[in-house]
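Please walk me through this protein model. I would like to hear about a pocket and about the aromatic rings.

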Amino acid sequence: DFKNNSSASQSYREETGLAVRATYESGFTQGTVGFGVDALVNSMVKLDSGRGRTGNGMFGNDSEGRPEDTQSIGGGAVKFRLSDTVLKYGSQYVASPVLATDDSRLLPEVATGTMITSKEIEGLELSAGRFTAISGQNHMGHDSINGTGLKSADIAGATYQFTENFVAGVAASDVEDHYKKKYINLNYTLPINEDQSLNFDFNGYDSKDQGQKLSGDVDNRIWSLAAAYSIGAHKFTLAHQRSTGDTGYVYGADGNGTIFLANSVQYSDFNGADERSWQARYDLNMKTYGVPGLSFMTRYITGDNIETGGEEGKEHEWDFETKYVMQSGPAKDLSFRLRSAFYRTNSSYNAINGNDNNDFRIIVEYPLSIL
């Protein structure tokens with residue numbers, strides 16, 4: 001059973017909606033300093049749900065607990081370019097490992113603030129930003145994420161392409177009255193021959209609470225290492241993830257996409273206190289077999305050693321995904337995706353991370369370029 005806000009038992013959730021996301025990105029004017037503008041509008045309409053079936057985070061609720069029929073949010077940004085450095089101020093999507101807006105629901109999160117990205121040195125990308133608001137995925141307010149809002153978040157990062165096959169990155173953030181984070185990524189690809197390769201991807205965070213601790217106590221180190229072997233249409237991946245410290249890894253005030261870890265999957269993130277988790281994954285690209293655009297994925301993740309204050313916490317999840325992208329014709333780039341996750345946990349951890357859950361998603365996307 002799920003628990004809704006009134007603590008009543010709820011065993012089933014079902015929500016269906018349609019969303020339109022419109023993005024406009026201008027070029028830059030001529031001159032030493034180029035000027036441009038961007039704009040975005042995100043709208044959605046509820047097709048089916050109800051007070052007893054809501055709870056997936058897709059729709060906001062009215063005063064009577066019923067999901068809203070329609071929701072929209074829009075915004076704009078101005079941008080300036082000097083050489084290979086761009087400054088952008090206003091509403092924008094952000095994909096930093098220490099502040100990332102999430103788009104896993106109908107309405108994506110939108111951050112408000114300033115971002116500077118510089119690529120003056122070949123192979124080196126520097127970034128810095130300050131953000132003062134993030135909209136939630138089921139709210140229309142510009143500063144509505146996770147109920148508490150965002151006071152301010154200062155972020156900085158750097159990535160460097162050492163060789164064609166090796167790239168490394170670091171980042172740091174200071175989220176006022178929540179936490180401070182440091183992040184590192186190392187990614188290396190070893191080509192074997194034209195048809196085979198090995199890839200190693202390491203990600204790690206160090207987080208510590210600060211100020212008013214609006215996200216609660218935070219004291220965590222977490223890392224993941226994934227090794228992927230690709231041969232033709234097939235890819236086999238093994239990953240290990242480990243969390244240490246007094247708490248699990250915490251995110252959300254800095255965007256619900258701010259978890260660049262191998263075992264952050266469809267339902268669970270396997271980021272509990274002291275948790276150790278393993279993943280085995282298989283991907284198949286049917287292009288090699290004459291069906292371009294069709295792909296399959298399955299993965300199994302198991303975690304244990306979770307600190308709950310009592311009995312050891314354990315969890316596991318099995319995911320399946322099928323995706324097809326139209327390759328030509330008037331519906332080119334139209335995609336259909338079927339996702340399912342089967343999540344199970346023991347009694348000592350379900351009060352923290354949620355009860356057993358079967359999660360099914362049907363996602364249809366149609367990107368259009370009209371300018």
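The report below takes the pocket, then the ring pairs, then the charges over rings.

This is a predicted model, in which local features need pLDDT of at least 70 and side-chain atom pairs count only at pLDDT 80 or more, while totals for chains, interfaces and linings use all residues. Residues are numbered from 1 along each chain as its sequence is written, and side-chain values use heavy atoms, with hydrogens and water left out.

**The pocket**

The second largest pocket has a volume of about 410 Å³. A pocket here is an open set of points on a 1 Å grid over the protein atoms alone, where a 1.4 Å probe fits, with protein on both sides within 12 Å along at least five of seven lines; lining residues have an atom within 4 Å of a point. The volume is the space filled by probe spheres set on the points, which are joined across faces, edges and corners.

The lining holds 22 residues. Closest to the centre are Ala-95, Ser-96, Met-115, Glu-125 and Ser-127. Strands (DSSP runs of E, at least two residues, numbered from the N terminus) supply much to discuss here. β12 gives the largest share of the lining, four residues. Among the other elements that give two or more are β6 (85-92), β9 (111-118) and β13 (179-193).

By class, the lining has twelve nonpolar, eight polar and two charged residues. Ala, Val, Leu, Ile, Met, Phe, Trp, Tyr, Cys and Pro count as nonpolar, Asp, Glu, Lys and Arg as charged, and the others, Gly among them, as polar.

**Ring pairs**

The model has 15 aromatic pairs. Rings of Phe, Tyr and Trp (its six-membered ring) pair if their centres lie within 6.5 Å; planes over 60 degrees apart count as edge-to-face, under 30 as stacked and the rest as tilted. Two edge-to-face pairs are listed here.

| Pair | Centre to centre | Angle between planes |
|---|---|---|
| Phe-166 and Tyr-188 | 6.5 Å | 65° |
| Phe-320 and Phe-342 | 6.3 Å | 75° |

Phe-166 in β12 and Tyr-188 in β13 are 22 residues apart, so the pair links distant parts of the chain. Phe-320 in β19 (residues 313-325) and Phe-342 in β20 (residues 335-345) are also 22 residues apart.

Phe-166 is partly exposed at 25%, and Tyr-188 is partly exposed at 35%. Phe-320 is partly exposed at 34%, and Phe-342 is partly exposed at 29%.

Ring pairs also link Tyr-183, Tyr-205, Tyr-249, Tyr-251 and Phe-260 into a cluster.

**Charges over rings**

A charge sits over a ring if NZ of Lys or CZ of Arg is within 6 Å of the ring centre and within 35 degrees of the ring normal. The charged end of Lys-79 sits over Phe-28, 5.0 Å from the ring centre. Lys-181 lies over the face of Tyr-205, 6.0 Å from the ring centre.

Definitions and conventions
Buried means under 20% relative accessible area, exposed over 50%, partly exposed in between (1.4 Å probe, protein chains only).
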